[in-house]
Amino acid sequence: GSDHPPPVIRQGPVNQSVPVDSTVVLGCQTVGAPPPAVHWKKDGTVVSPVDSRVSLMETGSLKIHYAKLGDSGFYTCVASSPSGEASWTAYLQVE
C-alpha cells in the first residue's frame with residue numbers, strides 16, 4: 001500500500017456554452033504528493049494531443065482553439081498518481 005492520499009482536484013472544469021471558433025479553456029487544478037498526472041477524456045475517450053487545436057497546458061488545463069460544433073460533449077479531467085485517481089466532469093456546448 002501507499003501512505004500518500006489519492007490526488008485531489010481542487011478546482012475542475014465548469015459547464016459552459018461557447019460560440020463556434022472561440023477559444024475554450026477547461027480548468028483543472030490538482031493537488032497531491034507526488035503531483036498527479038493529468039489527462040482529459042471527452043465522452044469517456046482519452047483526448048489525443050495529436051489534434052493541433054487542442055493543447056494540454058502545464059497547469060493541467062485543456063485549451064481548445066477554434067471550437068467546433070463537434071467539440072461539444074462531456075469533458076473529464078482525470079488526475080492520477082500511484083495512490084489513486086480523481087476525476088471531475090463538465091459539459092461543453094459549442095453553438
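Which residue stands opposite Val54 in strand 8? Ile64 is the residue that faces Val54 there. Welcome to a predicted model, in which local features need pLDDT of at least 70 and side-chain atom pairs count only at pLDDT 80 or more, while totals for chains, interfaces and linings use all residues. Residues are numbered from 1 along each chain as its sequence is written, and side-chain values use heavy atoms, with hydrogens and water left out.

**The domain**
- The UniProt record, an unreviewed entry, annotates residues 7–87 as "domain: Ig-like"; UniProt positions follow the numbering used here, feature names are shortened, and annotations may be inferred rather than shown by experiment.
- Across residues 7–87 the chain is 0% helix and 49% strand, where helices (H or I, at least four residues) and strands (E, at least two) are DSSP runs numbered from the N terminus.
- The end C-alpha atoms of that stretch are 9 Å apart.

- Three strands make an open sheet, ordered 3-8-7, with antiparallel pairing; two strands pair if DSSP finds at least two bridges between them.
- Strand 3 (24–26) and strand 7 are the edge strands, each pairing on one side only.
- From one strand to the next, the twist averages 20 degrees, using axes that are lines fitted to C-alpha atoms (for helices over the stretch in contact) and angles from 0 to 180 degrees between N-to-C directions.
- Three bridges connect strand 7 and strand 8 in the antiparallel sense.

**The disulfide**
- One disulfide turns up in a search of the whole structure, a disulfide being a pair of cysteine sulfur atoms within 2.5 Å.
- Cys28 and Cys77 are its partners, with an S to S distance of 1.8 Å.
- The torsion about the S-S bond of Cys28 and Cys77 is about -70 degrees, so this disulfide is left-handed.
- Because Cys28 sits in the loop between strand 3 and strand 4 (29–31) and Cys77 in strand 9 (residues 73–81), the pair ties together parts that are 49 residues apart in sequence.
- Cys28 is buried at 3% relative accessible area, and Cys77 is buried at 0%; buried means under 20%, exposed over 50% and partly exposed in between (1.4 Å probe, protein chains only).

**Around Thr59**
- Thr59 belongs to the loop between strand 7 (54–56) and strand 8 (62–64).
- With a relative accessible area of 56%, Thr59 is exposed.
- Thr59 and Gly70 are 11 residues apart along the chain, and their C-alpha atoms are separated by 25 Å.
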